[in-house]
Amino acid sequence: MKQVVQNYKSGELAVLDVPVPGCKPGGVLVRTAYSLISTGTELMKVSEAGMSMLGKARSRPDQVAKVMQSVATNGVPATYRKVMGKLDSYTPLGYSLCGVVEQVGTGIDDVKVGDLVACAGNEHALHAELNWVPKNLYTPVPDGLAPRHAAFGTVGSIAMQGVRQGEPQLGEVALVIGLGLIGQLVVQLLAAAGVRVVGVDPDPVRCELAERLGAAACGDPASAAVEAAVAELTDGHGVDQVYLAAGGGSNQPVELAARLCRDRGRVVDIGKCRLDLPWNAYYEKELDVRFSRSYGPGRYDPAYELEGRDYPIGYVRWTERRNLACFLDLLARGSVDVEPLVSHVADFDDAVETYQRLKDGELKAVAVLFRYPEHTGEAEAPVVAVPAVNVKPNPTRAAKTPVRLAFVGAGNYATSMLLPHLAQREGVELSTVVTTTALSAANAQRKFGFAEATTDLDAVLGDKSIDAVFVVTRHSSHAELTRQALLAGKTVFVEKPLALTEDELAGVLAAVEESGNDRLQVGFNRRFAPLLQEAKKRFGARTGPASLRYLVNAGLLGHGSWYLQQGTEGSRFAGEGGHFIDTASWLLEADPVSVYAVATAGNEDLQVVLRYPDGSTATISYVTTGAASFPKETLDLVADGKVLRLDDFVRASVYGRKRWVSSRLPKTRDKGQNAELAAFIKAVRTGGPMPVPLESLVATTAATLAVQTGLVGGAPVTLARAR
C-alpha cells in the first residue's frame with residue numbers, strides 16, 4: 001500500500017510503498033476514502049523539517065532539553081547516534097480520515113466489514129491507503145453524511161473540546177482569535193450553542209467566510225472594528241470567553257484576549273501560539289486561563305487509546321470517541337457545515353506536490369482533502385454534463401435596420417420589463433406578438449404597437465422578414481420554443497431558464513448543431529446592470545482566488561402563482577437561479593466546475609456553493625423566509641485585500657487602498673434589462689457576436705440544473721464538460 005511520509009532530518013516528503021498493517025485485536029483495518037490535511041499542525045511539522053539543525057532546535061526547545069538530559073546520562077556519542085537515527089527516519093503524517101472497514105479484529109462488535117467510519121489519531125488515522133485503528137479512535141458515520149465531510153471528524157473534535165473547555169452559555173459573547181481550520185469550526189460550534197461570536201484574523205477572506213458561517217462580526221486584529229463590535233455586543237463589558245486558535249510567534253493574541261475579555265472571563269488556548277501572559281492585565285481581571293488538550297479526555301492515555309478501556313460516562317461525559325461521534329452528528333443534522341471550508345481536493349498520488357504547494361504559499365487553503373483511488377465509501381459522485389457547443393460559424397450577417405422582432409408570450413414580465421424598453425427604441429420594429437389567447441395578443445398589440453397579433457406560432461417562424469424572436473412564456477415551454485426558433489433560422493432571446501432538464505438543454509444544442517444557428521441569448525440581465533458594471537471596473541483585476549456571497553431575499557409567492565406548479569414549471573430556483581449563477585460567473589470571469597446545495601427543512605431556502613477553476617467560491621443564499629422590508633439582493637466579492645459590495649442595485653461600494661462609493665442613488669433599481677436589450681439588438685442589427693457566449697449560457701444552465709441533482713443526492717455535483 002502507499003503512505004505519505006517525511007524524513008525530519010532532510011525534510012524530504014514521499015509517497016512510499018509500505019506493508020499493509022495487520023488487523024490486531026481490539027481494532028479494525030480501514031481502507032481510507034478521504035483524509036484531511038491539517039493546514040496548521042501538519043504544515044508546521046513540514047516547515048520545521050525543512051529547517052537547519054539549529055532552526056529545528058530553536059523550534060523544539062522541549063526536545064533540546066531531552067537531548068541534554070540524555071547527554072548527561074549516556075554521553076555525547078551515544079546521544080548523537082540516538083538523535084541522528086531518530087531524525088534520519090521516515091515519520092508519518094495525518095490524523096483525521098474517513099474510510100471503509102475492511103477487516104474486523106477480535107473483540108470488536110460495534111462495526112462490521114463495509115461500514116463507513118471516521119478515524120482519529122496521529123498514529124492511526126494517517127495519510128495511507130490502509131490504517132489499523134483501535135476501538136476508541138473510530139466511530140461509525142451517520143447515514144447520509146458524505147465521507148469527505150466525515151473526514152473532518154478529528155479536527156472537529158479538537159474544536160469541540162476547546163469549546164467545552166470554555167463552558168459557553170446561551171446568550172454569551174465569545175471572541176475567536178485565528179480563523180484557520182480550527183477557528184472556523186469553533187465559530188460554527190459556538191453559534192450552534194447560541195453564542196454570539198466575534199472573529200479575528202488578518203486575512204479578509206477568512207473573516208468573510210466566518211461571517212458567512214455564523215460569526216456576528218470579524219476583522220483584522222489591528223482594526224478598531226473588532227473592538228467596536230465587542231463593545232456593541234457586550235454593552236462595553238467585554239467578551240465572556242476568548243478562544244486562541246492562532247499559531248505563530250506573536251504575543252498579540254494573548255494581549256488582545258486580555259484587552260477584550262470581561263472581568264473574570266475565560267481564555268482557552270487551542271492552537272500553538274506564544275503565551276507570554278501580561279501579568280497585570282490577567283491579574284487585574286482575574287482571567288481564567290485554560291488549555292484544551294487535543295480531541296478530549298483519553299488523549300495520550302495508552303489504556304484508553306490502545307487498550308480500549310473507556311471512561312464511565314457518569315464520570316467523564318465527553319471522551320475522545322464521544323466528541324468524535326457528537327461532531328459527526330452535528331454535521332449530519334446540518335448544525336455545522338464543512339463544505340465551505342474545503343479549499344482543494346487532491347488525488348492521493350499528488351500528495352507530495354500538494355504539500356509543496358501549501359508550503360510555498362501557491363495553494364492558499366483552509367482545508368485540503370486527499371481523495372483515494374478506490375473504495376471511497378460512497379456512491380459515484382453525481383455528475384451533470386455541460387454539453388459541448390458544436391456549430392460551424394455562419395458567415396457574418398449584413399447590417400440591417402430596422403430590426404423586426406416577434407414576441408412569443410406577452411405576460412407580466414414581457415409587458416413590464418422588456419417591451420417598454422423596445423417600443424420606443426430607434427431602429428426596432430415590433431412586428432408580431434403571439435399568445436395562446438386572442439385577447440392577450442390584442443392587448444399587447446394595442447399597448448405597444450405591434451404590427452400584427454396572432455395565435456399562430458408557425459406563421460411567425462415561417463416569416464422570413466422577422467429577424468429575432470423573444471420567448472417569454474412559462475418555463476416549461478422555453479426549451480422547445482427556443483429549439484423551434486433556432487431551426488427556423490431566427491436569432492432568439494429567451495427569458496430564463498433556457499431549460500428545466502438536461503434532455504431539454506441537449507435538445508436546444510442539437511438544434512444549434514443541426515441548423516448552424518448559434519444566435520441565442522438568455523435573459524441573464526444582471527451582468528448588464530450599470531451600477532454593477534461600474535463596481536466591477538472599480539474593483540479591478542484580481543490575482544488570487546475570490547470569495548463571493550450573494551443573498552437573495554426572494555420572499556414568499558402569492559397564492560395561485562404558477563411558479564408553485566413545480567411538477568410542470570420546475571422549482572423556483574430552477575426558474576430564476578440562473579440569474580445569480582450567471583452574475584457570480586461574470587464577476588469571477590469563469591464557469592463553475594462543481595455545485596453543492598443544501599436546503600432548509602420544510603421550505604425552499606437554499607444554500608448553493610459554486611466552485612471555480614482557480615479555487616474561487618460563490619455562495620448563493622436563496623431564501624424565502626426573510627423580512628419583506630429587507631433588500632432583495634445583496635452581494636459581496638472579496639479578493640486580494642479588496643471588497644466589492646452591492647446593495648440591491650441601488651448602491652455599490654469598493655473597499656481597497658482607496659474607497660469608492662456610488663455617488664448618487666438611481667431613481668429606480670436598474671438591473672440591466674435596458675442595457676441587455678441594447679446589446680442584443682446591436683448584435684442582431686450588425687450580425688456581430690452575441691452579448692454572452694453560448695458556452696457561458698450552457699454552463700450556467702447546467703450549474704442551475706445541478707442544484708436539484710445535488711439536493712437529491714446530498715453530495716457535491718461535478719460539472720463535467722464534454723470534449
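Reader: How does the lining of the largest cavity divide into nonpolar, polar and charged?
Author: The lining has 5 nonpolar residues, 5 polar and 1 charged; Gly counts as polar here, Ala and Pro as nonpolar, Lys as charged. This is a predicted model, where local features need pLDDT of at least 70 and side-chain atom pairs 80 or more, while totals for chains, interfaces and linings use all residues. Numbering starts from 1 along each chain as its sequence is written, and side-chain values use heavy atoms, without hydrogens and water.

Reader: Which residues line the largest cavity?
Author: Lys 496, Pro 497, Leu 498, Ala 499, Phe 524, Ala 574, Gly 575, Gly 578, Thr 700, Thr 701 and Thr 704. A cavity is a set of 1 Å grid points where a 1.4 Å probe fits but cannot get out, and lining residues have an atom within 4 Å of a point.

Reader: Changing topic. At what angle do helix 15 and helix 23 cross?
Author: Roughly 60°, with the axes of helix 15 (residues 412–423) and helix 23 (residues 673–686) coming within 9 Å.

Reader: Which residues make the contact?
Author: Tyr 413, Met 417, Leu 418, His 421 and Leu 422 come from helix 15, and Gln 673, Asn 674, Leu 677 and Ile 681 from helix 23, contact being heavy atoms within 4.5 Å.

Reader: How many of those are charged?
Author: None; the contact has 6 nonpolar and 3 polar residues.

Definitions and conventions
1 Å grid on protein atoms, 1.4 Å probe; cavity = no way out; pocket = protein on both sides within 12 Å on 5 of 7 lines; lining within 4 Å. Axes fitted to C-alpha atoms, helices over the stretch in contact; angles between N-to-C directions. Helix = DSSP H or I, 4+ residues; strand = E, 2+ residues; numbered from the N terminus.
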